[in-house]
Amino acid sequence: MLSIRQDSLLRFQALIDGATRITVLGHTHPDGDALGCTGALAGYLREVRGKEAAVVLPDTPADNLRFIVPPSCPLLCYDKEPQAVLDWIAGSNLIVLLDCNGFSRTEALEPFLTASKAPKVLIDHHLNPQVQSFNVIFSTPDISSASELLFWVLKSLEGNVPSVTEKIADVPFGTSPSSPAYLTIGTCLLAGMTTDTNNFANSVFPSTLQMASELLALGVDRDALLLQLYSSYRENRVRLFGHMQEQELRILGCAACMILTRELQQRFDVREGETEGLVNVPLSIADVRLSIFLKEDDRHFRVSIRSKKGTSAQQLAMQYFHGGGHENAAGGKLFIGQDIARADEAAAYVESALKSFLS
Ligand SMILES: [Mn+2]
């Protein structure tokens, strides 16, 4: 099993013991991993530890990912219920942030979180954790997902004595494999890991497969999960993917670029979450090492970047798109009126950024 620092575990344990109301926090535009690990931790704190815990998000999750947070777990979204979120945070005596490296990734919530006197814990797998903001940090970049890191943290908490030499069988995940709470928590964690690895296509480590193996042995229904994650889209998404590949894909040397304008989003009635996975498609071309996808939003484009090993998506995101992330999966923004004067200048900006980045 993955080794988790004992001193951090003991401090986290003590903070949980001392807390009554807990904010379990994810980042803006929550992906499957953010929902999986926040849902799992809130579920654990409520069902196993008897705490008042809620998942708090800066904005509402996409319809197709909403199912990941269990219905039994309160979910508060700042864009829908700002006052309820602020009240919850103000009344919390523990704040746990997952799947991002600092409060800046919660955008509008950042000032309220930094103003809170509650102890703060970070559980994340991105580089450069904002250490000064937290009392306890679990930060491991060489791991599939925040959900996997949380799996090992919870397992170590439940097992009490974490040790790399311990046999898997000696410490079952949770106290009773038949308890439905553990199935719910396990399903959340498997959902987060599965989406962040793109269904075991990237960032898979020995510990990742070990986690998957233990969760399947516990009885988590992976088939049902895959059906919900990858086979429950609307028809328009398949048609949009076809159009983007046929009409909008541009190949620039070893890079590929697709831009989804507002006009196209209206034409295909695109909803939040429905473009997930599109950026990966051009990487199936032998000569393409870098794929960049831009989606027009309010006064900016959301930028997703994926790369093959040896080419850094993260560097491109940092240098040209105010972003970051992982070596081969990163994201950022392109601001209209700042980086470019008008939306129709995005293609030219990307082309010149790629030219200088790849030269
Ligand atoms: Mn993640």
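This is a predicted model: local features need pLDDT of at least 70, side-chain atom pairs count only at pLDDT 80 or more; totals for chains, interfaces and linings use all residues.
Local features need pLDDT of at least 70, side-chain atom pairs count only at pLDDT 80 or more, and totals for chains, interfaces and linings use all residues. Residues are numbered from 1 along each chain as its sequence is written, and side-chain values use heavy atoms, with hydrogens and water left out.

Reader: How far apart are the centres of domain 1 and domain 2?
Author: The chain splits into domain 1 (6–229) and domain 2 (236–358). These bounds come from an automatic or database domain assignment. Taken over C-alpha atoms, the centres are separated by 29 Å.

Reader: What area is buried between domain 1 and domain 2?
Author: Nine residues of domain 1 contact nine residues of domain 2; contact means heavy atoms within 4.5 Å. Buried area is the accessible area (1.4 Å probe) that two parts lose on being put together, summed over both. Carbon and sulfur atoms give 46% of it, and the total is about 740 Å².

Reader: Which residues coordinate the manganese ion?
Author: Donors are N, O and S atoms within 2.8 Å of the metal (3.2 Å for Na, K and Ca); water is not among the atoms, so sites may look incomplete. The donor spacing in sequence is D-x65-D-x25-H-x70-D. At 2.1 to 2.3 Å, the ion is held by Asp33 (OD), Asp99 (OD), His125 (NE2) and Asp196 (OD).

Reader: How many residues apart in sequence are the parts tied together by Asp33 and His125?
Author: Helices (H or I, at least four residues) and strands (E, at least two) are DSSP runs, numbered from the N terminus. Asp33 lies in helix α2 (residues 32–48). His125 sits in the loop between β5 (120–124) and β6 (136–139), so the pair ties together parts whose separation is 92 residues.

Reader: Is Asp33 buried or exposed?
Author: Buried means under 20% relative accessible area, exposed over 50%, partly exposed in between (1.4 Å probe, protein chains only). His125 has 1% and is buried. Asp33 has 0%, so Asp33 also counts as buried.

Reader: Which residue in β2 is the bridge partner of Leu25?
Author: Strand β1 (residues 21–25) pairs with strand β2 (residues 52–57) in the parallel sense over five bridges. In β2, the partner of Leu25 is Val56.

Reader: Which residues does Ser8 contact, leaving aside neighbours within four places in sequence?
Author: Ser8 belongs to helix α1 (residues 6–18). With a relative accessible area of 5%, Ser8 is buried. Its contacts are Val136, Ile137 and Phe138.

Reader: Which residue in β12 stands opposite Ile305?
Author: A second open sheet runs in the order β7-β8-β9-β10-β12-β11, with mixed pairing. Seven bridges join β10 (residues 300–307) to β12 (residues 329–335), and these two strands run antiparallel. Opposite Ile305 is Ala330.

Reader: At what angle does helix α9 run to β8?
Author: Axes are lines fitted to C-alpha atoms, for helices over the stretch in contact, and angles run from 0 to 180 degrees between N-to-C directions. Helix α9 (residues 235–248) lies across β7, β8 (255–260) and β9 (290–296). The angle to β8 is about 125°.

Conventions. Two strands pair if DSSP finds at least two bridges between them.
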